[in-house]
Amino acid sequence: MSYVGPDFEPPQPRRPRRGPLTVALAALVPGALLGWLLYETVGGSGDDGGSGQATVRSSPPAASSPPADDATDDGKKPGADPTPAAPSASAPAGASGPLKGKVVVIDPGHNPDNFQHPSEINRKVNIGTNWKECDTTGTSTNDGYTEAKFTLDVAHRMRALLEEQGATVKLTQDGDRPYGPCVDERARIGNEAKADAVVSIHADGSGTGNRGFHVILPGAVNSGAADTRAIVAPSRDLGERVAGRFVAVTGSAPSNYIGDGSGLVTRKDLGGLNLSTVPKVFIECGNMRDSKDAASLTSGAWRQKAAQGISEGIVSFLHG
Ligand code: ZN
C-alpha cells in the first residue's frame with residue numbers, strides 16, 4: 001500500500017500530559033531497574049496471555065534503553081490517518097457513525113510502570129479457577145522496546161479508529177496509574193462498562209524463529225467467580241473476525257509455534273478472560289523476541305495496520 005504512516009510524523013514532546021510527573025519518574029529510574037532485575041530473577045509467568053515459554057532477557061526496559069523510534073512512539077493520535085474501515089470517518093468521536101451506542105473496551109496489556117512495582121504486581125488475585133499474579137511486566141524486544149509501550153500505542157490507534165466509527169471506547173489503563181490494573185480489575189472494567197466487545201492487546205515473548213500472531217479465546221470455565229460459558233461462543237466469533245482482519249490488513253501470518261496454524265488458541269488460565277462476562281479475546285500481535293517480528297512491532301506504520309486490522313474485526317463483530 002502507498003500509505004506512509006505515522007512513522008513520518010515530526011517528533012512530538014513525549015507524554016506532555018505528565019508534566020511534573022516526568023521529573024518524579026526520572027528520579028525513579030533506579031527503582032525501575034531494581035524492578036527489572038527482580039523480574040529477571042522471579043521470571044514472568046503470569047496472566048500475560050503469552051505462550052508461557054521462558055525467555056532469556058538480556059536487556060533492560062526502555063527506561064534505560066530508549067527504543068529506536070522513540071520520537072514517534074508516544075502513543076499520540078496517528079495524525080494523518082489512513083482511511084478507516086467505514087465511510088463516516090469524519091464524524092466526531094461518539095457523535096454518530098455505525099457503532100453509535102456500542103461500547104468497546106480496549107485492554108492494553110501490562111503497564112509501562114509495572115517494572116517499578118514488583119511487590120504490588122506480584123500480589124495474587126483470585127481468578128475464579130485459581131490465583132494469579134495481579135499483573136506482569138510483560139516482555140520487550142531485544143533492543144528494549146517494551147510490550148507495555150507497544151500495547152498502549154496500539155490501543156491509542158484503535159481508540160481513534162473506533163471512535164471515528166461512533167463507538168464509545170474505554171481503556172483499562174492509559175499509562176495513567178502507577179501499576180496494573182490487576183487482571184481481575186481489567187476484567188471488571190469491561191464487565192461494568194457492559195462492553196459489547198473487549199480486546200486485550202499483547203505481544204509475545206517467545207523464542208527466536210517463533211513468529212506470527214495468535215488470538216486467545218476463553219475456554220468454558222465455571223468455578224468461583226469465573227463463569228465464561230455464556231461468552232465462549234460470541235468470543236470465538238469476535239476472535240475469528242479479529243484474526244481474519246488482522247491477516248488481511250497486516251499481511252502477518254498466524255503463529256508458527258502455537259495454534260496449529262489457525263492463529264487461534266483457547267485458554268482457561270487467564271484471569272482477564274475467566275472473569276469476563278462480556279465477549280473478550282486477547283491478541284498476541286507477534287513475538288517481540290524474534291528479530292523479524294520485532295521489526296514489525298517497532299514500526300509505527302505496522303502498528304497502525306495492526307490497530308486497523310483488530311478494529312475492523314471488532315467492527316465486523318459488532319455489525320453481526
Ligand atoms: Zn502480554
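**An aromatic cluster, a mixed sheet and a zinc site**

Phe246 is buried, and so is Trp302, where buried means under 20% relative accessible area, exposed over 50%, and partly exposed in between, with a 1.4 Å probe and protein chains only. These residues come from a predicted model, in which local features need pLDDT of at least 70 and side-chain atom pairs count only at pLDDT 80 or more, while totals for chains, interfaces and linings use all residues. Residues are numbered from 1 along each chain as its sequence is written, and side-chain values use heavy atoms, with hydrogens and water left out.

A word on confidence comes next. The mean pLDDT of the protein (the predictor's confidence in each residue, from 0 to 100) is 80, and 70% of its residues reach 70 or more. Two stretches call for care in reading. Over residues 1-47 the pLDDT stays under 50, and the model has 72 contacts beyond four places in sequence for this stretch, a contact being heavy atoms within 4.5 Å. Residues 51-94 also stay under 50, with 100 contacts beyond four places in sequence.

The protein has 9 helices and 10 strands; these are DSSP runs numbered from the N terminus, helices being H or I of at least four residues and strands E of at least two. Of its 320 residues, 57% count as buried. Among contacts between residues at least 6 apart in sequence, 84% join residues at least 24 apart.

Six strands make up an open sheet with mixed pairing, in the order β4-β1-β5-β10-β6-β9; two strands pair if DSSP finds at least two bridges between them. The edges are taken by β4 (168-171) and β9 (264-267), each with a single partner strand, so one side of each is left without a neighbour in the sheet. On average, neighbouring strands of this sheet are turned by 25° against each other, direction ignored; axes here are lines fitted to C-alpha atoms, for helices over the stretch in contact, and angles run from 0 to 180 degrees between N-to-C directions.

The covered face of β4 carries Val169 and Leu171, and its uncovered face Thr168 and Lys170. β4 pairs with β1 in the parallel sense over 4 bridges, and Ile106 stands opposite Leu171 in β4. β1 and β5 also run parallel, joined by 5 bridges, with Val105 standing opposite Val198 in β5. Next, β5 and β10 pair in the parallel sense over 6 bridges, and here the bridge partner of His202 is Glu284 in β10. The pairing of β6 with β10 is antiparallel, with 3 bridges; Val215 has Ile283 in β10 as its bridge partner. In β10, 8 of the 8 residues are buried, so this strand is largely enclosed by the rest of the structure. Helix α9 (residues 300-319) lies across β1, β5 and β10 (280-287), running at about 150° to β5.

Phe213 lies in the loop between β5 and β6 (214-218) and Phe246 in helix α6 (residues 232-250), so the pair ties together parts that are 33 residues apart in sequence. Both of these phenylalanines, Phe213 and Phe246, are buried. For Phe246 and Trp302 the ring centres are 5.9 Å apart and the planes at 80°, so the pair is edge-to-face. Since Phe246 lies in helix α6 and Trp302 in helix α9, this pair ties together parts 56 residues apart in sequence. Phe213, Phe246 and Trp302 form one aromatic cluster.

Finally, the zinc ion is coordinated by His110 (NE2), Glu147 (OE) and His202 (ND1), at 2.0 to 2.1 Å. Donors are N, O and S atoms within 2.8 Å of the metal (3.2 Å for Na, K and Ca); water is not among the atoms, so sites may look incomplete. The donor residues are spaced H-x36-E-x54-H in sequence. The two histidines link distant parts of the chain, 92 residues apart: His110 is in the loop between β1 (103-108) and α3 (118-122), and His202 is in strand β5 (residues 197-204). His110 counts as buried because its relative accessibility is 1%, and His202 counts as buried at 3%.

How values were computed. Rings of Phe, Tyr and Trp (its six-membered ring) pair if their centres lie within 6.5 Å; planes under 30 degrees apart count as stacked, over 60 as edge-to-face and the rest as tilted.
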